[in-house]
Amino acid sequence: MVTEVAPRVDEAAAPTAETNRERVSRRQVDKFAERRAQLAGAALQTLAELGYARTSLREIAQNSQFSHGVLHYYFSDKEDLITHCVRQYEAACVTRYDEIVATAGSAEELKREFSAAMARTLRTDAAMHRLWYDLRNQSLFEESFRADVLEIDQRREEMIWRVISRYASFTGSGIALSPGAAYAILDGLFQSALLHQLAGNEKAADDLAADVARVLDIL
């Protein structure tokens, strides 16, 4: 008599009810995050135009295709939305110079490309940079912003330090300042140039590029 043997099931490979629930849960989380990113992207323009103080969820809804109810479902309040918007934008900004650092073949090339990139983003993204500085200033008063702003600021500092460190390695010289001090100098130059750019100074970007090049040599 032949006894049929049931095929062996690999328990590790067999999906369980718990695994399926976890997958569904992950999909729901991913979908929610994608929707938040989509809404934040749509809100950025209104935020950049009006700034923190003059923007509400209702104002954003009136200037986008989304209703006030939809915005309120995905974001608990204006602070939640604005912080998410800036985080989303800064996620791209904090790596904008990494390719320059990776591909530069000399100190002069790095200095030229880095200063030109700073001037370029001043021209093309002035409104978005204004929103960042607005939020950073608000964090002095709004504690709910502070942790996110500090994290973003740290990432920006690290980005600038990668540029300066690479430049120093090309020139074979030491760096006279700490990462925080070097970042403060370049960030201060950029913020000042941003004010002049918004005021209609057509030379603001070119002046910034020249100042950045000089600062690299000094640092």
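**Exercise 1. The nonpolar core**

Task: In this predicted model, state how many residues the largest nonpolar core has and which of them have the most contacts inside it.

Solution: 
1. The largest nonpolar core has 59 residues.
2. Those with the most contacts inside this core are Tyr97, Phe114, Leu122 and Ile160.
3. Helix α8 (residues 143-171) supplies the largest share of the core, namely eight residues.
4. Tyr97 may be examined in detail: with its neighbours within four places in sequence left aside, its contacts are Phe114, Ala117, Met118, Thr121, Met159, Ile160 and Val163.

**Exercise 2. Helices α4 and α8**

Task: Determine whether α4 is roughly parallel or antiparallel to α8, and describe the contact by residue class.

Solution: 
1. The axes of helix α4 (residues 78-93) and α8 are 11 Å apart, and the angle between them is about 5 degrees.
2. Angles under 35 degrees count as roughly parallel, and α4 is therefore roughly parallel to α8.
3. Among the residues that meet are Glu79, Val86 and Arg87 in α4, and Phe145, Arg155 and Met159 in α8.
4. The contact of α4 with α8 comprises six nonpolar, two polar and seven charged residues.

**Exercise 3. Helices α9 and α10**

Solution: 
1. Helix α9 (residues 179-198) and helix α10 (residues 204-218) have axes that come within 9 Å and cross at roughly 170 degrees.
2. Angles over 145 degrees count as roughly antiparallel, so α9 is roughly antiparallel to α10.
3. Residues including Leu186, Leu189 and Phe190 in α9 meet residues of α10, including Leu208, Val212 and Val215.

Technical notes. Residues are numbered from 1 along each chain as its sequence is written. This is a predicted model: local features need pLDDT of at least 70, side-chain atom pairs count only at pLDDT 80 or more; totals for chains, interfaces and linings use all residues. Side-chain values use heavy atoms; hydrogens and water are left out. Axes are lines fitted to C-alpha atoms, for helices over the stretch in contact, and angles run from 0 to 180 degrees between N-to-C directions. Helices (H or I, at least four residues) and strands (E, at least two) are DSSP runs, numbered from the N terminus. Angles under 35 degrees count as roughly parallel, over 145 as roughly antiparallel, 65 to 115 as roughly perpendicular and the rest as oblique. Contact means heavy atoms within 4.5 Å. A nonpolar core is a set of buried Ala, Val, Leu, Ile, Met, Phe, Trp, Tyr and Cys residues joined through side-chain atoms within 4.5 Å. Buried means under 20% relative accessible area, exposed over 50%, partly exposed in between (1.4 Å probe, protein chains only). Ala, Val, Leu, Ile, Met, Phe, Trp, Tyr, Cys and Pro count as nonpolar, Asp, Glu, Lys and Arg as charged, and the others, Gly among them, as polar.
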